[in-house]
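Take a look at the sequence and structure first, and then read on.

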Amino acid sequence: MTALRFLKPAIFPLAALATALAVSACSMGGGSTAGLALAPGLSTRMDQPGAVLDKAQAVGIINAYRATNNLPPLVSDPALDGTAQALANQYAQTGTPPTTPQNLAGMKLSAGYATFAETFSGWRNNPADAAGLRTNASKAGVAVAFNPSSNYGIHWVLVLGQ
């Protein structure tokens, strides 16, 4: 922890998130050095045949971020996953960002990132998106759609609800 004293205070939430991910990865990896890598569900490329998004790990990284902001965890919701998937499919087919349905607390979009880890990093590092991750919500749905003929290829949608 001594090395952290030289970091700016704004880095502490990021350091806490990295620590939480490393600890959880170590617990899954049996303490080996392989446990220090991102969990496979966060680093799997979604532009590969047969790629499947690990929604539990995706919501888990969002919850680790929310914890650094003293917010309660989100619960993964199958109905919201369905909404997110429909919106991601629409986004991938049209290339036009969908509008947030009125019954949702929020929505985050992204396109072009190959993995959820990259997508989350983009959201976390954009002030408006980061604020949306901290919104007052209790449930989440996340989805990805791949369209190789679209400009961005991969389209991500996170929906938040009560």
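pLDDT is the predictor's confidence in each residue, from 0 to 100. This is a predicted model, in which local features need pLDDT of at least 70, side-chain atom pairs count only at pLDDT 80 or more, and totals for chains, interfaces and linings use all residues. Residues are numbered from 1 along each chain as its sequence is written, and side-chain values use heavy atoms, leaving out hydrogens and water.

**Confidence**
- The protein has a mean pLDDT of 82, with 77% of its residues at 70 or more.
- Helices (H or I, at least four residues) and strands (E, at least two) are DSSP runs, numbered from the N terminus.
- Among these elements, strand β1 (residues 75–76) has the highest mean pLDDT, 98, while helix α1 (residues 12–29) has the lowest, 39.
- Over residues 1–36, pLDDT stays under 50.

**The sheet**
- An open sheet with mixed pairing is formed by 4 strands in the order β1-β3-β4-β2; two strands pair if DSSP finds at least two bridges between them.
- Its edge strands, β1 and β2 (106–111), each pair on one side only.
- Strands β3 (residues 139–146) and β4 (residues 154–161) run antiparallel and are joined by 8 bridges.
- In β4, W156 stands opposite V144.

**A largely enclosed helix**
- Helix α5 (residues 116–125) is largely enclosed by the rest of the structure, because 7 of its 10 residues are buried (under 20% relative accessible area, with a 1.4 Å probe and protein chains only).
- The buried residues of α5 include F116, F120 and W123.

How values were computed: Contact = heavy atoms within 4.5 Å. Buried < 20%, exposed > 50% of the residue type's maximum accessible area, 1.4 Å probe, protein only.
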